[in-house]
Amino acid sequence: MSTDLPADLHYTVEHEWLKDGSPSTIGITAVAADALGDIVYLELPSVGDEIAAGAVVGEIESTKSVSELFSPVSGTVVEVNQDAVDDPSVVNSDPFGAGWLLKVEVASTGPLLTAEQYAAQTAG
């Protein structure tokens, strides 16, 4: 498993990542994608939905389990990655790139970790 974490992202203890921007982008980490195994289905919020930091905003289903997706931010969903919904395996193959999940106009953020903090948390 690769421990190469993009340093420009923020991370959560629940294995989501956040890329700052207008809008900000949310996805799951390679650690989460590896742990889930082959992702077969994504249930994501709709464009226009208001989401809250720390709240469950979707589900990620793999051949092994179903996992909840937690939002690292509060705000409004402005885009959903339809390509990932149509082909969820892209989340396994490129979790920090083409496998992004949501774009959100952020009102506030929840507790976030740096790449170093996240790597330390997931090392054990």
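Modeller: Two strands pair if DSSP finds at least two bridges between them. Please note that this is a predicted model.

Colleague: What makes strand S8 and strand S9 a pair?

Modeller: Strand S8 (residues 73-80) and strand S9 (residues 102-109) are joined by seven bridges. The criterion asks for at least two bridges, so S8 and S9 count as paired. Their sense is antiparallel. In this pairing, valine 80 has leucine 102 of S9 as its bridge partner, and glutamate 79 stands opposite lysine 103 in S9.

Colleague: How do you know that strand S3 pairs with S9?

Modeller: Three bridges join strand S3 (residues 24-28) to S9. With at least two required, S3 and S9 therefore pair, and they run antiparallel. Threonine 25 stands opposite lysine 103 in S9.

Colleague: Why are strand S1 and strand S5 said to stand at the edges?

Modeller: The open sheet has six strands in the order S1-S2-S3-S9-S8-S5, with antiparallel pairing. Strand S1 (10-11) and strand S5 (50-51) each have a single partner strand, so one side of each is left without a neighbour in the sheet.

Colleague: Why is glutamate 43 called partly exposed?

Modeller: Glutamate 43 has 39% relative accessibility. Buried means under 20% and exposed over 50%, so at 39% glutamate 43 counts as partly exposed. Glutamate 43 lies in strand S4 (residues 39-43).

Colleague: Which residues gather with Glu43 in a patch of negative charge?

Modeller: Glu59, Glu61 and Glu68 gather with Glu43 in that patch on the surface.

Technical notes. Residues are numbered from 1 along each chain as its sequence is written. This is a predicted model: local features need pLDDT of at least 70, side-chain atom pairs count only at pLDDT 80 or more; totals for chains, interfaces and linings use all residues. Side-chain values use heavy atoms; hydrogens and water are left out. Patches are made of residues with over 30% relative accessible area and no salt bridge: like charges are joined within 9 Å, nonpolar side chains (Val, Leu, Ile, Met, Phe, Trp, Tyr) within 5 Å. Accessible areas come from the Shrake-Rupley method with a 1.4 Å probe; for residues, only the protein chains shown count as cover. A salt bridge is a side-chain nitrogen of Lys or Arg within 4 Å of a carboxyl oxygen of Asp or Glu. Lys and Arg count as positive and Asp and Glu as negative; His and the chain ends are not counted. The place of a charge is taken as NZ of Lys, CZ of Arg, CG of Asp or CD of Glu. Helices (H or I, at least four residues) and strands (E, at least two) are DSSP runs, numbered from the N terminus. Buried means under 20% relative accessible area, exposed over 50%, partly exposed in between (1.4 Å probe, protein chains only).
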